[in-house]
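I opened this notebook to keep track of what I looked up in one structure, entry by entry.

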Amino acid sequence: MGKFNFVMTAIIYPWLQSYYERITAAFQQGYGHHALLFRAEQGIGADQLIHAVANWLMCQHSSPRPCGECHSCRLFAAGNHPDVYQLAPVENKDIGVDQVREINEKVSQRAQQNGNKAVYVQSAERLTESAANALLKTLEEPRPNTYFLLNADLSSPLMTTIYSRCQVWLINTPSEQQALNWLQLHNYSEISEIQTALRISYGRPLLALHCLEQGWLEKRREFFRAFWLFYTRRSPLELLPLFDKELILQQVDWLLAFLSDALKDKLNITSGWICRDLIRGIQQFNERQTVAGLLTATKIMQKVRSDLVQINAVNQELILLDGLTRLITEVFEH
Ligand SMILES: [Zn+2]
C-alpha cells in the first residue's frame with residue numbers, strides 16, 4: 001500500500017509512445033475513461049507507460065507531456081503525491097479485500113491538492129475474489145476526477161466483470177527492428193549477441209537488456225555445453241550442477257526453446273526459430289532424434305517447468321533429476 005515507489009523519469013520507451021499519445025489524446029478530447037486496464041507481457045515496460053499516464057493526469061498543466069515543474073509534478077516525482085495511491089501485492093501475497101477497502105475509503109475523500117486522484121493497481125490479476133468485488137463496486141460508480149490504472153499480466157486470467165468496467169489497452173511487444181534499435185543504443189554487445197538475447201527473451205526488450213547485462217548469454221553457452229555432455233554421456237550429473245536457483249526457469253525455457261527449434265528443424269520449418277545461434281548443435285542433435293521423441297522431450301520439460309513453479313524450492317533438484325532421467329530413458333535411449 002502507499003505511493004508510487006518509482007522515481008519519475010520523462011522517458012517513455014519508443015514502442016510505448018503511441019499508446020501514451022492515444023491515451024492522453026482521448027482525455028484531451030473529453031473521452032478519457034475513469035478506469036484503464038493495461039494488459040501486457042512482462043519485460044516490455046508497461047509500468048513505465050502507466051506511470052507516465054498517471055503523471056500526466058496529475059499534472060496541473062494540460063500539455064502533451066507532464067510539465068515536470070508544477071507542484072503536483074514535483075510531488076509525483078518525489079513519490080509523495082498525496083492523491084496518488086498504489087494497490088499491489090504485499091510480500092508476494094495476493095491483494096486482499098482490506099487493501100481495497102482502505103483505498104476506496106481514501107478516494108471517497110476530497111483530493112488534497114484539489115486536482116485529480118489516481119489509483120495504480122499493480123498485478124490486478126492477483127486481486128482475491130472478494131478484493132476484486134470490492135474494487136468492482138468502486139469502478140461501477142465513477143467519481144469525478146478519480147482514475148484507476150490497472151496493470152494485469154497478459155497470460156493470467158482476470159475477472160470478466162473487472163474487465164468489462166475498464167477501457168482495455170493491450171500492450172504489444174515491439175517489432176524486432178524497433179527492439180533491436182533500442183537495444184543497440186543501450187548495450188554495446190555485438191549485434192548477433194543482441195539478436196540472441198532478444199530472441200530468447202521472446203521479443204521483450206527490457207528482459208533482453210537484463211539478459212545482456214547479467215551475462216546470461218555466456219551462462220547459456222556453458223549450459224548447452226553441459227547439455228551436450230549430458231546427452232552424449234547419458235548422465236544427468238553433467239547438467240544438474242549447472243542449474244542455478246536464480247535462473248532455473250530461464251534455463252528450463254532455454255531447453256524448451258532448443259527442443260522446439262529441433263522440432264522445427266525436423267519438420268523443415270524455417271521461421272520463428274529462437275536458438276538460431278545453436279543451429280549446428282541442433283542439427284547434430286537431431287541426427288538421432290525423431291519427431292515423436294522430440295514431442296515427448298518437450299512434454300517432459302514442460303512438466304518439469306510446471307512442477308518447479310508449483311512445488312516448493314526444496315524439491316527443485318529432485319524435479320530436475322527426474323526430468324533429466326526421463327529424457328534419457330524415454331527419449332535418448334528409446
Ligand atoms: Zn506538471
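I began with Cys70, which counts as buried at 6% relative accessibility (buried means under 20% relative accessible area, exposed over 50%, and partly exposed in between, with a 1.4 Å probe and protein chains only). The model is a predicted one, in which local features need pLDDT of at least 70 and side-chain atom pairs count only at pLDDT 80 or more, while totals for chains, interfaces and linings use all residues. Residues are numbered from 1 along each chain as its sequence is written, and side-chain values use heavy atoms, with hydrogens and water left out.

I placed Cys70 in the loop between helix 2 and helix 3 (71–77), where helices (H or I, at least four residues) and strands (E, at least two) are DSSP runs numbered from the N terminus. Leaving aside neighbours within four places in sequence, I found Cys70 in contact with Cys59, Gln60 and His61, contact meaning heavy atoms within 4.5 Å. I also noted that Cys70 and Met58 are 12 residues apart in sequence and 9.8 Å apart in space, C-alpha to C-alpha.

Next I turned to Asn187, which sits in the loop between helix 7 (176–186) and helix 8 (191–200). Asn187 is buried, with a relative accessible area of 10%. Its side chain is joined to that of Ser189 by a polar contact of 2.4 Å (a pair of N or O atoms within 3.5 Å; within protein, one must be able to donate a hydrogen and the other to accept it, and residues adjacent in sequence count only if both atoms are side-chain atoms). Not counting residues up to four places away in sequence, Asn187 touches Ile194, Leu209, Leu212 and Glu213.

I then asked myself why strand 1 is largely enclosed by the rest of the structure. The reason is that 6 of the 6 residues of strand 1 (residues 35–40) are buried. Ala35, Leu37 and Arg39 point one way from the strand, Leu36, Phe38 and Ala40 point the other way, and all are buried. Strand 1 runs parallel to strand 4 and is joined to it by 6 bridges, and strand 1 also pairs in the parallel sense with strand 5 (residues 167–171) over 5 bridges; two strands pair if DSSP finds at least two bridges between them. I noted that Arg39 stands opposite Ala152 in strand 4 and opposite Leu170 in strand 5.

My last entry concerns the pockets. A pocket, on a 1 Å grid over the protein atoms alone, is an open set of points where a 1.4 Å probe fits, with protein on both sides within 12 Å along at least five of seven lines, and lining residues have an atom within 4 Å of a point. The largest pocket has a volume of about 640 Å³, a volume being the space filled by probe spheres set on the points. Of the 20 residues that line this pocket, Gln42, Asp153, Arg204, Asp253 and Arg305 are the closest to its centre. Helix 12 (248–266) and helix 14 (291–310) each supply at least two lining residues.

The second largest pocket has a volume of about 260 Å³. I counted 14 residues in its lining, of which Gln42, Asp47, Gln122, Ser123 and Asn151 lie nearest its centre. Helix 2 (46–58) and strand 4 (146–153) are the elements that give two or more residues to this lining, and strand 4 provides the largest share, 3 residues.
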